[in-house]
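Student: Could you walk me through how to read aromatic pairs, sheets and salt bridges in a model?
Tutor: Gladly, let's look at it together.

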Amino acid sequence: MKLASVLLALAPVVIGVPVLAVTLPAGAAATPVVVARYDFDSGATASGRIAERSGRGVPLLIRTADRGAVLFSAASKTGRYVRLPLRCAAGATTCPRALMEGADDPDLDPGTRAFRWGATVKIAKSQLAGSSNVMQKGVSTTESQWKMQVGETHGRAQCVVVGRGSAKNYLIRSSVVVADGKWHTVLCQRSGGSLSISVDGATRGKVAIPSTLSISN
């Protein structure tokens, strides 16, 4: 899997693209605010940290195991991406693993407010194993969660939310395939009583969720 950028935003809405998150403090004007944004143009520091670009969020720390690695594309001024380990080979006893992790950040706990999160990805269907996570905060069985993933069966992008005090997963799949070896920008958005997904700027699915669903973990 290749990942180009990430965005997170919260307003009443959080917007994420390429990799981004946005949070809006309670009582603030209803204008989306970017609370975390990551690209890979500057690479990583010697300590394995990737800079956060909005000025509000926390840096990402590269973590690896079993000879896994996060590989950066060749140096350029803009548009760099990272390549994550390939799917584990059949019959392998250990598999290279790698992820980019940020410290807990209250800006990424939208509660019941609107929130968007997104990423630009390039992935082939042969690289998928189960529901392959692209980005997430929280664990579905602990408090609450928001997540983006790509499903192995149909190669479609998926947005998932779980609210506090409930084990119920709310999931929306894109109506188009994204695991086709091409670059796609995927955006998840929770707004009031709906969860929607967009691919390359076009809405590709929507599902109703409780307007009282609160995400904070």
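The dialogue below takes these features one by one.

Tutor: Please keep in mind that this is a predicted model.

Student: Let's begin with the rings. How many aromatic pairs does the structure hold?

Tutor: A pair of aromatic rings is described by the distance of the centres and the angle of the planes. Here the structure has 5 aromatic pairs. One of them is formed by Phe115 and Trp146, a tilted pair with 5.2 Å centre to centre and 55° between the planes.

Student: What does the pair of Phe115 and Trp146 tie together?

Tutor: Phe115 belongs to strand 9 (residues 115-124) and Trp146 to strand 11 (residues 142-151), so the contact ties together parts that are 31 residues apart in sequence.

Student: Are Phe115 and Trp146 buried or exposed?

Tutor: Both Phe115 and Trp146 are buried. Together with Trp117, they form one aromatic cluster. Elsewhere, you can find a charge over a ring: Lys168 lies over the face of Tyr170, at 5.1 Å from the ring centre.

Student: Now the sheet. What is the strand order in the open sheet of 3 strands?

Tutor: Strands of a sheet pair through backbone hydrogen bonds, either parallel or antiparallel. In this open sheet the order is 4-5-8, and the pairing is antiparallel. Strand 4 (49-50) and strand 8 (97-102) are at the edges with a single partner strand each, so one side of each has no neighbour in the sheet.

Student: How many bridges join strand 4 to strand 5?

Tutor: Strand 4 is joined to strand 5 (residues 60-65) by 2 bridges. Within this region, Arg49 stands opposite Leu61 in strand 5.

Student: And the salt bridges: which residue pairs with Arg56?

Tutor: The structure has 8 salt bridges. In one of these, Arg56 meets Asp107, with the closest N and O atoms 3.0 Å apart. Arg56 sits in the loop between strand 4 and strand 5, and Asp107 in the loop between strand 8 and strand 9, so the pair ties together parts that are 51 residues apart in sequence. Arg56 is partly exposed at 36% relative accessibility, whereas Asp107 is buried at 16%.

Student: Which residue forms a salt bridge with Arg63?

Tutor: That is Glu101, the closest N and O atoms being 3.1 Å apart. This pair links Arg63 in strand 5 with Glu101 in strand 8, 38 residues apart. Arg63 is partly exposed, at 44%, and Glu101 is partly exposed at 37%.

Terms used. Residues numbered from 1 in each chain as written. Predicted model: local features only at pLDDT ≥ 70, side-chain atom pairs only at ≥ 80, totals over all residues. Heavy atoms only, no water. Phe/Tyr/Trp six-rings, centres within 6.5 Å; stacked < 30°, edge-to-face > 60°. Helix = DSSP H or I, 4+ residues; strand = E, 2+ residues; numbered from the N terminus. Buried < 20%, exposed > 50% of the residue type's maximum accessible area, 1.4 Å probe, protein only. Lys NZ or Arg CZ within 6 Å of the ring centre and 35° of its normal. Pairing = 2+ DSSP bridges. Salt bridge = Lys/Arg side-chain N within 4 Å of Asp/Glu carboxyl O.
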